Every structure is written in C-alpha cells, then in structure tokens.
Amino acid sequence: MQHYDAILSSIELFKELQEDQLARVMQITTEYRFVRGDCIFMEGQPRDHVYFIVRGLVKIYRVDREGREHIVNVLGRGQMFPHVGFFDDRPYPGTAEALTSVILYGIASHKFEQVLIDDPRIARSVMRMMGKMILTLQGKLREMVLFDARERVYALLRHFAQEVGTEMQDGIHFKMPITHTEIANMIGISRESVNRIWNDLRRVGTVTGDKEEWVLQNQFFDEISR
C-alpha cells in the first residue's frame, strides 16, 4: 500500500493531499495494465471510469465520418483522462489507445465524483488541472492558426520532449510515440512536409539518434526560443 500511495501522491492532482485522504482515494482505485495497441475505451461508450497514467503513453483520438483518425493528444505519466464530463452522463468524447505498455490507476466515475463533492481540496486540484488543460488547448489552437508547418512540428517535438523525454547533458532523449503520418494528422499538415522538416533537423544535427532513441540537441531549444 505504501508503494501505491507514493505513486498516487506523485500525480499532480493528489500532491497536496494528506495521508488519510490518499488512503481514501487508494481504497477506490484499481490498477489496470495494457500493452501497445490495446483499446482502453472507445469514443461513444458510456463513461464509467477516470484514469491516471502511472507508466507509459496513451493516445486520445477521434474518428471522422470518412473513418479518418485525428489524434487529439498524447498523454504521459501523471496525467489524467478523460478531462470532461465529471458531473454528467456524457459518453467518452474520444478513443483512448495504449501507445506503449501502460499501467493505469482507474477510479469509477461515480466514486470519483463523490470524492470531489466530499473533499474541496481534491475539487480545487481538478479545477486547477482543468484550467491548465484549457490553456493547453488554447495554445494548440493558436499554433494551428498562426504557426507555419515548421513551427507546428517544432511545437509538437517540444511537447513530446516535455512529456516523455529524459533530460541529459547533450539534450533531451526520447522515443517518438507516433508516426510521421500521425504527426501530420495531428497538426494539420502533409506527411511529406513532416518528413522534409524532420530530415532538415537531422541534416543540421539538431535531432540525432535513430528510431530506438532520438535526441533533441540543446540547440533545438535555443532556436525555438528566438
């Protein structure tokens, strides 16, 4: 139980909770494990759980009328999903799929809602997190409207580096969680544009490594901060 409490307290939503509050949350928490490609839930299914990522990456996407997949977000350790519908019966707004081996903590929605009602501190944490999510979505909209193709790729690489990367002396090491086609769909440009920009970054040495582990060199962050 102490091990689980330590993991739970590392999740942003629960960082401010006291031991007795963590123990209460842990009592209604179930651990789930998925392998790459597993569907955690599908868009339109009844929303019955809230999930917290302990390890791994989860892709959230929606499918349009033509059957095309549109990635909404890629989430990593410590993040919560879905972000909507706590106090109503709306179904899941998108499909969640494991991009890697994944460990999740899941809480039944009705139990989580009761915790929010009973404990104002947890409710405040949720509201802060929702505020951050709104800012993130606003930032993505701004990027789609104002950024050119190269700037969109740079912004997404920075996001992946922050979410799944490991900072080392030469830069941030990470494994690309999605394909170039998925990147193109996610940021609204062609796959050919993604390939060209990626190859340019490799040619000048801003990105090094291979598909097993890429490295965003420190000069990448110097360039995008200009």
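Trainee: Which residues are buried in α6?

Mentor: In α6, the buried residues are E182, I183, A184, M186 and I187, where buried means under 20% relative accessible area, exposed means over 50%, and partly exposed lies in between, with a 1.4 Å probe and protein chains only. Before going further, note that this is a predicted model, in which local features need pLDDT of at least 70 and side-chain atom pairs count only at pLDDT 80 or more, while totals for chains, interfaces and linings use all residues. Residues are numbered from 1 along each chain as its sequence is written, and side-chain values use heavy atoms, with hydrogens and water left out.

Trainee: Where does α6 run, and how is a helix defined here?

Mentor: Helix α6 covers residues 180-187, and helices (H or I, at least four residues) and strands (E, at least two) are DSSP runs numbered from the N terminus. After α6 comes G188, whose phi is positive, near 75°.

Trainee: Why does E182 count as buried?

Mentor: E182 counts as buried because its relative accessibility is 17%. Leaving aside residues up to four places away in sequence, E182 touches K59, E69 and I71, a contact being heavy atoms within 4.5 Å.

Trainee: How many salt bridges does the count come to?

Mentor: By this rule the count comes to 10 salt bridges. One of them joins the side chains of D118 and R24, at 2.7 Å from N to O. Here D118 belongs to helix α3 (residues 109-118) and R24 to helix α2 (residues 19-27), so that distant parts of the chain, 94 residues apart, are linked.

Trainee: Are D118 and R24 buried, or partly exposed?

Mentor: D118 is partly exposed, with a relative accessible area of 39%, and R24 is also partly exposed, at 35% relative accessibility.

Trainee: What about R47, which residue does it form a salt bridge with?

Mentor: R47 forms a salt bridge with E113, and the closest N and O atoms are 3.6 Å apart. Because R47 lies in the loop between β2 (39-41) and β3 (49-55) while E113 is in helix α3, the pair ties together parts that are 66 residues apart in sequence. Both R47 and E113 are buried.

Trainee: Changing topic, which residues form the negative surface patch?

Mentor: The negative patch is formed by D170, D210, E212 and E213. Patches are made of residues with over 30% relative accessible area and no salt bridge, with like charges joined within 9 Å and nonpolar side chains (Val, Leu, Ile, Met, Phe, Trp, Tyr) within 5 Å. D170 sits in the loop between β9 (166-168) and β10 (171-174), and D170 is partly exposed, with a relative accessible area of 33%.

Trainee: And how many helices and strands does the whole chain have?

Mentor: The protein chain has 8 helices and 12 strands, and 44% of its 226 residues count as buried.

Methods. Accessible areas come from the Shrake-Rupley method with a 1.4 Å probe; for residues, only the protein chains shown count as cover. A salt bridge is a side-chain nitrogen of Lys or Arg within 4 Å of a carboxyl oxygen of Asp or Glu. Lys and Arg count as positive and Asp and Glu as negative; His and the chain ends are not counted. The place of a charge is taken as NZ of Lys, CZ of Arg, CG of Asp or CD of Glu.
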